[in-house]
Amino acid sequence: MSPTKAWAILVIFCSAISFVFASDPDTLQDLCVALPSSDVKVNGFACKAEANVTAADFFYDGIAKPAVINNTVGSVVTAANVEKIPGLNTLGVSFSRIDYKPGGLNPPHTHPRATEIVFVLEGQLDVGFITTANKLISKSIKEGEIFVFPKGLVHYQKNNGDKPASVLSAFSSQLPGTLSIASALFTSSPTVPDDVLAQAFQIDTKQVDTIKTKLAPKKS
């Protein structure tokens, strides 16, 4: 691993730990490895019996390599959250890798449960978030640089370069959640009424239908 990438991982994890106190609650025990199969419903996941905990509960190698990008937006997010790493349960942090094709976009979205901090592994990105005062805070960032997206605010990343780009992202939640603005409005189930979307975006219902068709999940 190159010194730059090693530094990236160290910075991201230290930053994630530093802002965890503003999100998920503190733990009351050493560990609480998630047990998704449990019928017990809690805010998070029930704990696996400690006698059954192994190193595998704290390990994941799914972000070691760039993801294969095969979609219309030109980016892929590979999450490393509690659903992939059960040992993250109650620890209040998670991680992801995002890969972008040239011209690729991670469309406007929010994380309702977490602040996000990104470290650019390679390439250059135009990034930004929008405040509740409707102000856009944006910047171009390149390899070795960091940008922060405050909890709950709409944000995006766009690779306007002619080469691939990748970032590592850390979150102040074990399961930050992602709400894609376009998908939430135009592909929800049940669907948002056409007249609501037409009036909100000042377009006609035919245009609403066109957008819904374009954003609809592709059938395999």
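## A walk around strand E9

Strand E4 (residues 116-122) runs antiparallel to E9, and the two pair over six bridges; pairing here needs at least two DSSP bridges between two strands. One spot to look at is Val118, whose bridge partner in E9 is Ser169. Keep in mind that this is a predicted model, where local features need pLDDT of at least 70, side-chain atom pairs count only at pLDDT 80 or more, and totals for chains, interfaces and linings use all residues. Residues are numbered from 1 along each chain as its sequence is written, and side-chain values use heavy atoms, with hydrogens and water left out.

E9 has another partner too: strand E2 (residues 94-100) pairs with E9, again in the antiparallel sense, over seven bridges. There, Arg97 has Leu168 of E9 as its bridge partner.

Now for E9 itself, residues 165-171: seven of its seven residues are buried, meaning under 20% relative accessible area with a 1.4 Å probe, protein chains only. Ala165, Val167, Ser169 and Phe171 point one way, Ser166, Leu168 and Ala170 point the other way, and all are buried.

Zoom out, and the chain has four helices and ten strands, taken as DSSP runs (H or I, at least four residues, for helices; E, at least two, for strands) and numbered from the N terminus. Their order from the N terminus is α-β-β-β-β-β-β-β-β-β-β-α-α-α. Of the chain's 220 residues, 36% count as buried. As for contacts (heavy atoms within 4.5 Å), residues 24 or more positions apart account for 70% of those with a separation of 6 or more.

Definitions and conventions: Buried < 20%, exposed > 50% of the residue type's maximum accessible area, 1.4 Å probe, protein only.
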